Amino acid sequence: VKIIIRIFDAESLSTSNALFTPCLLQLFGNGTAVLRKSDDDRAPQARFFPPLQEPMLLPGTFKNKVAFITGGGTGLGKGMTFTLSSLGAECVIASRNLDVLKATAEEISSQTGNKVHPVQCNVRDPDSVKATVDQMVNDVGLPDVVINNAAGNFISPSERLSANAWKAITDTVLNGTAYITLDIGKRLIAAQKGAAFLCITTIYADSGSGFVMPSASAKAGVEALCKSLVAEWGRYGLRFNIIQPGPIKTKGAFSRLDPTGKFEKLMIERIPVGRLGTVGEIANLAAYLCSDYASWVSGATIKIDGGEYSFMAGEFNSLSLVTKEQWDVMEAIIRQTKGS
Ligand SMILES: CC/C=C\C/C=C\CC/C=C/C=C/C(=O)SCCNC(=O)CCNC(=O)[C@H](O)C(C)(C)COP(=O)(O)OP(=O)(O)OC[C@H]1O[C@@H](n2cnc3c(N)ncnc32)[C@H](O)[C@@H]1OP(=O)(O)O
Ligand SMILES: NC(=O)C1=CN([C@@H]2O[C@H](COP(=O)(O)OP(=O)(O)OC[C@H]3O[C@@H](n4cnc5c(N)ncnc54)[C@H](OP(=O)(O)O)[C@@H]3O)[C@@H](O)[C@H]2O)C=CC1
């Protein structure tokens with residue numbers, strides 16, 4: 001890309017990479033004002049990839065099943081709860097903010113006709129997790145589906161992080177997943193009951209990522225936890241899968257990862273499908289992986305990111321920004337080259 005910029009000059013190339021510095025300047029040019037009004041600009045090719053959001057599985061797929069979803073009151077957790085509930089599940093949603101959970105439970109059950117139980121839980125605290133699981137067992141029994149979705153995250157240069165900032169994120173994401181999985185897993189094993197576990201991680205669990213170092217570390221740990229238990233607990237009737245979402249515009253994520261709203265356009269430019277993902281798309285994949293249609297799926301890690309990870313990984317992928325005329329020039333130069 002550097003060579004191309006030198007040949008054609010940065011001005012003539014409308015590339016997100018070439019314009020990254022001015023974008024960053026714009027980002028901080030607004031002082032402390034929080035710009036949350038950016039449009040979900042779609043690239044033209046997005047018209048080929050319409051998001052179908054309604055539940056895709058057969059009605060009744062989760063009839064007589066109990067699903068436990070951490071962070072089920074907001075964002076992706078709320079979407080997954082809605083889809084599972086629409087398909088017949090009795091859902092238990094757990095997080096810290098009981099008012100939010102109650103409102104979500106009411107909203108979803110009034111639409112689906114199936115019960116949604118809100119239970120307060122701080123996944124960072126094993127005693128709170130135990131009390132939550134006790135309540136679930138008492139109210140609806142042990143779950144058939146467990147979704148570890150609760151998370152904490154924010155962008156920050158790592159040199160600005162305190163030990164407590166690291167702890168807040170890793171306690172929520174990695175320890176929280178471990179406390180939930182160990183507590184429910186042990187009870188399922190004792191009761192000889194099978195279940196499908198799902199963990200929501202992120203595309204940068206594989207690569208790591210600057211500016212979200214605690215989240216990247218914790219999500220990688222969650223994946224190792226899942227993959228370890230695929231092998232160890234299959235014999236007890238437990239299976240484990242992982243979804244790695246790319247960017248989905250939830251308030252929880254975008255207010256902490258794109259606080260000014262200025263990164264969204266850059267993100268969309270590097271997503272080959274040309275748009276952000278939607279909550280309903282994640283929910284349908286989650287429902288499939290937790291359903292009996294996926295009984296033979298254990299140990300799967302599925303990226304759902306419109307191709308963003310592949311785009312960012314490929315050395316030469318930014319060349320998609322080169323115009324036909326620019327290719328004519330470059331091809332001529334390359335063809336003139338003889339020998340080494
Ligand atoms: C540019 C790209 C944009 C978008 C990309 C989109 C997609 C790509 C992939 C995305 C992956 C997304 C992953 C996610 O996990 S999104 C989920 C986000 N949702 C949440 O985080 C919800 C829950 N979060 C919270 O409750 C809080 O944000 C927090 C901070 C995690 C926990 O709150 P709590 O009240 O428990 O903790 P505090 O006491 O406030 O803070 C603890 C500790 O951290 C320090 N801290 C807090 N904020 C910051 C900050 N912004 N910068 C630096 N440090 C911070 C705080 O000061 C405390 O430390 P001490 O002062 O005690 O030392
Ligand atoms: N949106 C995106 O672009 C992406 C999201 N993800 C992942 O998707 C999942 C959902 O994120 P999203 O919906 O976007 O964001 P949200 O902020 O809406 O969801 C996070 C949820 O976690 C709950 N939570 C946080 N801390 C705790 C805690 N200590 N105990 C119990 N619950 C807690 C929150 O509820 P409460 O505050 O009530 O506790 C909230 O409901 C996360 O795992 C995230 O990492 C991954 C990639 C991309």
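1. What share of the 340 residues in the protein is buried? Buried residues make up 44% of them, where buried means under 20% relative accessible area, exposed means over 50%, and partly exposed lies in between (1.4 Å probe, protein chains only).

2. A word on what you are looking at: this is a predicted model, in which local features need pLDDT of at least 70 and side-chain atom pairs count only at pLDDT 80 or more, while totals for chains, interfaces and linings use all residues. Residues are numbered from 1 along each chain as its sequence is written, and side-chain values use heavy atoms, with hydrogens and water left out.

3. Now the overall picture. The protein has 13 helices and seven strands; these are DSSP runs numbered from the N terminus, with at least four residues (H or I) for a helix and at least two (E) for a strand. Take the contacts between residues at least 6 apart in sequence: 77% of these join residues at least 24 apart. Contact here means heavy atoms within 4.5 Å. The accessible surface comes to about 17,700 Å², and carbon and sulfur atoms own 56% of that (Shrake-Rupley method with a 1.4 Å probe).

4. Next, have a look at helix H3 (residues 75-86) and helix H4 (residues 98-112). Their axes come within 9 Å and cross at roughly 30°; axes are lines fitted to C-alpha atoms, for helices over the stretch in contact, and angles run from 0 to 180 degrees between N-to-C directions. H3 and H4 are therefore roughly parallel to each other, given that angles under 35 degrees count as roughly parallel, over 145 as roughly antiparallel, 65 to 115 as roughly perpendicular and the rest as oblique. H3 passes H4 in a right-handed crossing, meaning that the near helix is turned clockwise from the far one by less than a right angle. On the H3 side the contact involves Lys-78, Thr-81, Phe-82, Ser-85 and Ser-86, and on the H4 side Thr-104, Glu-107, Ile-108, Gln-111 and Thr-112. These residues divide into two nonpolar, six polar and two charged (Ala, Val, Leu, Ile, Met, Phe, Trp, Tyr, Cys and Pro count as nonpolar, Asp, Glu, Lys and Arg as charged, and the others, Gly among them, as polar).

5. One residue of that contact deserves a visit. Thr-104 sits in helix H4 and is buried, with a relative accessible area of 3%. Leaving aside neighbours within four places in sequence, Thr-104 is in contact with Gly-72, Gly-73, Lys-78 and Ile-93.

6. Helix H5 (residues 126-139) and helix H6 (residues 163-191) make another pair, with axes 9 Å apart and an angle of about 40°. H5 and H6 are therefore oblique to each other, and their crossing is right-handed. Residues of H5 that take part include Val-129, Val-133 and Met-136, and those of H6 include Tyr-179 and Ile-184. In this contact, eight residues are nonpolar, none polar and four charged.

7. Finally, three residues in loops. Phe-49, between helix H2 (20-28) and strand E1 (66-70), is partly exposed at 35% relative accessibility; not counting residues up to four places away in sequence, Phe-49 touches Val-273 and Arg-275. Gln-192 lies between H6 and strand E5 (195-200), is exposed at 74%, and has a positive phi of about 55° although it is not a glycine. Phe-211, between helix H7 (204-207) and helix H8 (213-233), is exposed at 53%, and its phi is near 75°, a positive value in a residue other than glycine.

Methods. Chains are lettered from A and ligands numbered from 1 in the order in which they are written.
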